[in-house]
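Open the structure in your viewer and follow the stops below. Each stop says what to select and what is there.

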Amino acid sequence: MKVFIVLHHEIMGTPDNCRADEMVFYTCTSMKKALELIKNSSVDRWSWWEIRVQETDRLELPEHVGYYGRRGGKLTKPPYEKCVEIFKNQPRT
């Protein structure tokens, strides 16, 4: 059985010392469900998604499927630089 792993990537820290962080948000039984959950999530503007797939009960690492924007659009690469810029320009309280 395949499991689709949805990771949320986000810039965090301070404007002078920021870094990317990631965490598993969802596990799904299909790519369709993974994209549906991404599209129905609300996350900060300085973040993006990644989907990986893995056969259960196997030793192999999950296979990278792709990067996705906040609304579920497919990306050719992670928008790290763009998200750092958005993060640094965010008003601080």
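How many helices and strands make up the secondary structure of the protein chain? Colour by secondary structure and count 2 helices and 5 strands. Helices here are DSSP runs of H or I with at least four residues, strands are E runs of at least two, and both are numbered from the N terminus.

Before going on, note that this is a predicted model: local features need pLDDT of at least 70, side-chain atom pairs need pLDDT 80 or more, and totals for chains, interfaces and linings use all residues. Residues are numbered from 1 along each chain as its sequence is written, and side-chain values use heavy atoms, without hydrogens or water.

Trace the protein chain along its sequence. The order reads β-β-α-β-β-β-α. Now show the C-alpha atoms alone. Along the principal axes they fill a box of roughly 45 × 25 × 25 Å.

Switch to the surface. Of the 93 residues, 34% are buried, meaning under 20% relative accessible area.

Next, select the cysteines. C28 is buried, at 5% relative accessible area. C83 is buried too, at 3%. Look for disulfides, defined as cysteine sulfur pairs within 2.5 Å. The whole structure has 0. For C83, the nearest cysteine sulfur belongs to C18 and lies 11 Å away.

Key. Buried < 20%, exposed > 50% of the residue type's maximum accessible area, 1.4 Å probe, protein only.
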